[in-house]
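Subject: Structure handover

Hello,

Please find the structure below. My notes on it come after.

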Amino acid sequence: MQNSTQQSSVGVLEQFEYDNKIVKAFLIASVVYGVIGMLVGLTLAIQLFLPEANFENPHTTFGRLRPLHTNAVIFAFVGNAMFAGIYHSSPRLLKTAIFSKTLSWIHFWGWQLIILAAAITLPLGLSTSKEYAELEWPIDIAIAVIWVIFAINFFATVARRRERHMYVAIWFYIGTIVTVALLHIVNSLALPVTLTKSYSMYAGVQDALVQWWYGHNAVAFFLTTPYLGLMYYYLPKAANRPVFSYKLSIIHFWSLIFIYIWAGPHHLLYTSLPDWAQSLGTVFSVMLIAPSWGGMLNGLLTLRGAWDKVREDNVLKFFVVAVTAYGMATFEGPMLSLKNVSAIAHYTDWIIAHVHIGALGWNGFMIFGILYYLVPRMWKTEIYSKSLVSFHFWIGTLGIIFYALPLYWASLTQSLMWKEFTADGFLAYPNFLETVTKIVPLYMMRAVGGTMYLTGVFIMIYNLVKTAAQGTFVSTEYSQAPALQRNVNIIGGGWHTLLERKPFIFTGLAIVAVAIGGIVEFVPTALIKSNVPTIASVKPYTPLELTGRDIYIREGCVGCHSQMIRPFRDETERYGEYSKAGEFVYDRPFLWGSKRTGPDLHRVGGKYPDSWHFNHMLDPTSMSPGSIMPSYPWLIDDNTDYSDLPKKIKVMRQLGVPYEEGFENEAIADAEKQAAQIAKSLGKDKIKTSKDKEIIALIAYLQRLGTDIKQK
Amino acid sequence: MFKHYFEQIEGISIYPVFSLLVFFFFFVGLGFYVFSLDKKKREHLENLPLED
């Protein structure tokens, strides 16, 4: 180091510029999409106690809007702010301009187009139904292309740096870029049927494992690692003092990325996933508390001896609540990964509360803090109103509490009701709906919390617009630093020093660290047959059932209904035989779900007559008074589209489903024959309908669910 | 139970041992590096965000 400083000091000072325009663009996009994402979220929260708030329109029903909400918040609100922070902090840490402005703008507009495509396709019901990866394959390819452009721009910037050593924030950005690419590509592998429909490369248990390896690590590497990088840059900057322990930050980075990637199976505890994979998920999740809290403490302790500043400085207030929320969520995560806690919390609103502590508290408050830090500086002025910032801080913080507490309460209430037995050994609440109506008031309170949080965002927007209006935007800032001397022989410093100077070796090691966990968990599940014991009586779906299944996917039924009965007495009592791995071998994608706003449907087949389903889909309250499920009148009006059916059968065969050669040519006739039988059965119950309606295909699918093993 | 699934891969027993060793030595090395980090260099690194 000593040598390199001396060498550098003799170098000629070079001038370079920091581009603020791209930062501004990403910040505006983040705020705009943040408002949209949160408004959609609020609409969903209201629909849970007022189903009519879907305007009786297929495009705005809960099942279709839920993925729009999650995608908008994760990829548009949090994603755009992440890019803004990276494009702002990296050039300053690396003492160089961003490699290419053109690539920056391709990245910006490409990403916005992807979000726009999501905002159009998801309400149309074009969805793979895999959580946080719902977008169909052409959009997935676009995401991969734009991400690679971002990576090229970033790594070329790193390569042209004038600061020999990479600050820890840059490592977190590198970890994010390579891992998100890996996760996105592996989880999105699918065989296209048409431009808007594809079937997953994986089936059942394997699909579940890959999906939650992705889903969990999307949280880790899209919502966490980039924001830890931002924390390591903006928190010291706002506090005007270095991070508490740089040594701790080194250990934080490596242990976090090493351990995080293994923890995915904790989303699948007590499911049909092999036990050993569940255990791995639990063990690594519990270990995760160490690096997570190491990072949290490193952030909070940066303020040691300067806590008086937090009282005065609004930016620090937001950062402190953000880091505290991170600490809470990363304590809660490992606890929820214990099998006995998961037994109670899984499928309930606890998980919704947990993710919102992360999204509203950690990501949201980090973003607000960064906005309040950057906007006055980029517009060379002071914040318009300090008291409005303070008001935003309080209404936002209270909003998070009012959002989360009712959901924790709802979760425990409902879960204990599900599990309660009478003295005679019967379920105390055999009707699932009873456990829902009980918690509806809590859903109302949650919507109040969400409204408070969103109010704060509107106040922030007003304040920031006023701030920008009173200042002058500085589109380019200039700085200077000596060029890096090439081939400088540095004596001493050790192997990690070498790594920090060699970003590409560093990146390679980071890829190895994150790849191991995924490979160890996935390869045995995919290759070794005994992990998914086959069941002879489990047969592929008929063409009509397959069509019905795709309608189920289109309507997003998986957002509220699981298809995975856990081996607990209360669940087998309520739903029937627990779910076996071998029952899902033809499920592409798997539809196990992660939340039970309505009951599990894995054994719904044969439970009710066809007419029950018909009436229930037309008006759920006619069969279940008080139900909060929306009605689906368009399924009764619309004709089934069979045009892609032969192609679907063919693609499924290519994926290994044993449909006979040539069966695709008979598929439509086969579907119509089965549909006629269902229409006839409905006719017996005095329901007149054509066999060509979508409801018929959906009933065929629902009546098939979970029935294969009964035929033994 | 765990072993049963892996018995079918040849020479599988070496994998976990190897993984554990890699994991162990990486973090021992990292710990060693961190505690022997030169003070001047550390101060340079941690002050990077504060230079503008």
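This is a predicted model: local features need pLDDT of at least 70, side-chain atom pairs count only at pLDDT 80 or more; totals for chains, interfaces and linings use all residues.

I begin with a proline: Pro589(A) sits in the loop that joins helix H21 (569-575) to helix H22 (610-618) of chain A.

Most residues other than glycine have a negative phi, and most peptide bonds are trans. Phe55(A) is not a glycine, yet its phi is positive, at about 60 degrees. You will find Phe55(A) in the loop between helix H2 (20-47) and helix H3 (62-94) of chain A. Is Phe55(A) buried or exposed? Phe55(A) has 11 other C-beta atoms within 10 Å, so it is exposed.

Lys380(A) is also not a glycine and has a positive phi, of about 45 degrees. Lys380(A) belongs to the loop between helix H14 (349-378) and H15 of chain A. Lys380(A) counts as exposed because 10 other C-beta atoms lie within 10 Å.

Next, the helix pairs.

H15 (residues 386-419) and H17 (residues 440-470), both of chain A, have axes that come within 8 Å and cross at roughly 160 degrees. H15(A) is therefore roughly antiparallel to H17(A). The crossing of H15(A) past H17(A) is left-handed. Sorted by class, the residues in the contact of H15(A) with H17(A) are 19 nonpolar, eight polar and one charged.

One residue of helix H17 of chain A that I looked at is Tyr462(A). Tyr462(A) has 14 C-beta neighbours inside 10 Å, so it counts as partly exposed. How far apart in space are Tyr462(A) and Tyr260(A), C-alpha to C-alpha? They are 38 Å apart, with a separation of 202 residues in sequence.

Helix H4 (residues 101-121) and helix H5 (residues 137-159) of chain A form another pair: their axes come within 9 Å and cross at roughly 160 degrees. This makes H4(A) roughly antiparallel to H5(A). H4(A) passes H5(A) in a left-handed crossing. On the H4(A) side, the residues making the contact include Leu103(A), His107(A), Trp111(A) and Ile114(A). On the H5(A) side, Ile139(A), Ile143(A), Ile146(A) and Phe150(A) are among them. The contact of H4(A) with H5(A) has 13 nonpolar, five polar and no charged residues.

A further pair is helix H8 (residues 246-260) and helix H10 (residues 289-301) of chain A, with axes that come within 8 Å and cross at roughly 150 degrees. H8(A) passes H10(A) in a left-handed crossing. H8(A) brings Leu248(A), Ser249(A), Ile251(A), His252(A), Ser255(A), Leu256(A) and Ile259(A) to the contact, and H10(A) brings Ala290(A), Pro291(A), Gly294(A), Gly295(A) and Asn298(A). By class, the residues of the contact of H8(A) with H10(A) are six nonpolar, six polar and no charged.

Val286(A) is in helix H9 (residues 275-287) of chain A. Val286(A) counts as partly exposed because it has 17 C-beta neighbours inside 10 Å. Which residues does Val286(A) touch, not counting residues up to four places away in sequence? It touches Pro334(A) and Ser337(A). The C-alpha atoms of Val286(A) and Phe244(A) are separated by 25 Å, and the two residues are 42 apart along the chain.

Now the nonpolar core. The largest nonpolar core has 204 residues, and those with the most contacts inside it are Ile170(A), Ile257(A), Phe319(A), Ala322(A), Met366(A) and Leu371(A). Which helix gives the most to this core? Helix H7 (residues 204-239) of chain A does, with 23 residues. Leaving aside neighbours within four places in sequence, Met366(A) is in contact with Tyr227(A), Leu230(A), Met231(A), Phe319(A) and Ala322(A). Phe319(A) and Ala322(A) are also listed among the residues with the most contacts inside the core.

Last, chain B. It has three helices and zero strands, in the pattern α-α-α along the sequence. Chain B has 52 residues, of which 10% count as buried.

Regards

Notes
Residues are numbered from 1 along each chain as its sequence is written. Chains are lettered from A and ligands numbered from 1 in the order in which they are written. Axes are lines fitted to C-alpha atoms, for helices over the stretch in contact, and angles run from 0 to 180 degrees between N-to-C directions. Helices (H or I, at least four residues) and strands (E, at least two) are DSSP runs, numbered from the N terminus. Angles under 35 degrees count as roughly parallel, over 145 as roughly antiparallel, 65 to 115 as roughly perpendicular and the rest as oblique. A crossing is left-handed if the near helix is turned anticlockwise from the far one by less than a right angle, and right-handed if clockwise. Ala, Val, Leu, Ile, Met, Phe, Trp, Tyr, Cys and Pro count as nonpolar, Asp, Glu, Lys and Arg as charged, and the others, Gly among them, as polar. A nonpolar core is a set of buried Ala, Val, Leu, Ile, Met, Phe, Trp, Tyr and Cys residues joined through C-beta atoms within 7 Å. A residue is buried if 20 or more other C-beta atoms lie within 10 Å of its own, exposed if 12 or fewer, and partly exposed in between; C-beta atoms are placed from the backbone. Two residues are in contact if their C-beta atoms, placed from the backbone, lie within 7 Å.
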